[in-house]
Amino acid sequence: MILRIATCRPLPEPDADEDLLLEALQSAGIEAQMVSWHDPVEWQRPATTVIRSTWDYIHDLEAFTRWATAVAATSAMWNPLKIILGNLHKRYLIELAACGVPVTPTLLLERGKSADIYAQCAARGWRDVVIKPAVGAGSFETRRITATLADADAVCRRLLAERDVLVQPYLDSVEHHGERALVWIDGEFTHAVRKSPRFSGGVENVSDALPIAPAERAVGEAALAAVGALGEDLLYARVDVAKDAAGHPVVMELELVEPSLFFLQNPPALRRFVAGIARRFQR
Ligand SMILES: Nc1ncnc2c1ncn2[C@@H]1O[C@H](COP(=O)(O)OP(=O)(O)O)[C@@H](O)[C@H]1O
Ligand SMILES: [Mg+2]
């Protein structure tokens with residue numbers, strides 16, 4: 001059993017899961033190798049693949065899509081390609097909302113198009129907004145604009161020259177309650193952590209595992225059900241949940257490609273992850 005774990009080198013930030021995962025796989029007798037998705041030689045050989053820390057794909061979505069499609073054509077890939085492709089661009093938030101899943105209110109602006117952000121935000125009653133790339137990770141280019149909507153306009157215009165952009169109202173629950181990152185491993189909810197607010201240039205700050213409210217879990221499950229991910233028997237999934245202005249939980253992010261899974265905070269989740277891989281190898 002040889003498993004290729006897709007990463008990128010250099011990593012934009014350390015991966016707290018990596019060493020824990022490699023150790024656990026080795027203990028289970030699964031030979032695993034970290035391989036950068038940029039490595040042209042390694043990916044010519046078929047081998048079973050799990051995507052974990054390919055975090056720089058946000059700078060070249062087309063190349064990453066081509067890579068993932070080519071790998072999945074010759075090898076097993078967990079999570080499945082269909083799930084990966086549907087989760088790379090955060091337009092999935094709009095699709096989730098259309099399915100009735102509570103999500104952070106989101107305006108999607110397409111690259112290159114001009115948009116009167118001032119008018120669009122004003123029409124929605126948004127004065128304090130967050131602007132971020134629609135293909136993003138690690139809070140890349142993610143900014144809260146509190147000053148004036150004219151400032152938001154300038155920031156959007158600059159980003160829109162290069163990428164699709166999301167505009168959302170700023171949810172101040174991220175400061176007091178924090179975000180909850182809910183983790184599912186091999187189809188089962190395993191644990192959640194609290195994440196502190198993080199904007200462009202900031203570092204990730206997460207808590208120990210902690211209990212979550214049933215309403216937060218229900219939102220996570222609704223998001224997974226909407227993308228068919230509960231039935232798909234996914235190896236891993238993470239749903240980040242915040243609270244809207246009325247205090248109701250909403251999806252901030254659905255992470256099915258390369259989420260940190262906070263194994264350090266919950267060793268049984270790591271064991272379940274490895275067992276899930278072993279079971280898939282036996283199929
Ligand atoms: N609408 C928002 N309200 C408050 N904070 C936000 C909002 N959008 C993003 N943030 C902050 O920015 C972080 C990164 O945004 P997120 O949507 O999770 O993108 P990614 O993690 O892919 O970079 C969030 O974890 C949160 O701290
Ligand atoms: Mg996030």
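Author: To begin with a term: domain bounds come from an automatic or database domain assignment. Here that assignment gives domain 1 (2–86 + 271–282), domain 2 (92–102 + 173–262) and domain 3 (107–169). The centres of domain 2 and domain 3, taken over C-alpha atoms, are 22 Å apart. This is a predicted model, in which local features need pLDDT of at least 70 and side-chain atom pairs pLDDT 80 or more, while totals for chains, interfaces and linings use all residues. Residues are numbered from 1 along each chain as its sequence is written, and chains are lettered from A and ligands numbered from 1 in the order in which they are written.

Reader: How do you know that domain 2 and domain 3 are in contact?

Author: Two residues are in contact if their C-beta atoms, placed from the backbone, lie within 7 Å. By that test, 5 residues of domain 2 are in contact with 7 residues of domain 3. The side of domain 2 that touches domain 3 has 2 nonpolar, 2 polar and 1 charged residues. In these classes Ala, Val, Leu, Ile, Met, Phe, Trp, Tyr, Cys and Pro are nonpolar, Asp, Glu, Lys and Arg are charged, and the others, Gly among them, are polar.

Reader: Why is strand β12 called largely enclosed?

Author: A residue is buried if 20 or more other C-beta atoms, placed from the backbone, lie within 10 Å of its own, exposed if 12 or fewer, and partly exposed in between. In β12 (residues 236–243), 8 of the 8 residues are buried, so the strand is largely enclosed by the rest of the structure. This holds for both faces: Y236, R238, D240 and A242 point one way, A237, V239, V241 and K243 the other, and all are buried. In the whole chain, buried residues make up 40% of the 283 residues.

Reader: How do you know that β12 pairs with β9?

Author: Two strands pair if DSSP finds at least two bridges between them. β9 and β12 are joined by 6 bridges and run antiparallel, with L182 as the bridge partner of V239 in β12. β12 and β13 are likewise antiparallel and joined by 6 bridges, and R238 stands opposite E255 in β13. These two strands form a hairpin with 5 residues between them, and G247 in the turn has a positive phi of about 90 degrees.

Reader: Why does D186 count as buried, and why does S139 count as partly exposed?

Author: D186 has 20 C-beta neighbours inside 10 Å and therefore counts as buried. S139 has 16, so it falls in the partly exposed range. D186 lies in the loop between β9 (179–185) and β10 (188–195), and S139 in the loop between β6 and β7. E141, also in the loop between β6 and β7 (143–145), counts as partly exposed because it has 18 neighbours.

Reader: What makes phi of S139 worth noting?

Author: Most residues other than glycine have a negative phi, and most peptide bonds are trans. S139 has a phi near 65 degrees, and D186 one of about 50 degrees. Cis bonds are found from R9 to P10, with omega near -5 degrees, and between W78 and N79, with omega about 5 degrees.

Reader: Which residues are closest to ligand 1?

Author: A residue is near a molecule if its C-beta atom, placed from the backbone, lies within 6 Å of it. 21 residues surround ligand 1, and V130, S139, Q168, L171 and P197 are the closest. β6 (129–133) and β13 (249–255) are the elements that give two or more residues to this shell. The shell has 9 nonpolar, 6 polar and 6 charged residues, and domain 2 and domain 3 each supply at least three of its residues.

Key:
Helix = DSSP H or I, 4+ residues; strand = E, 2+ residues; numbered from the N terminus.
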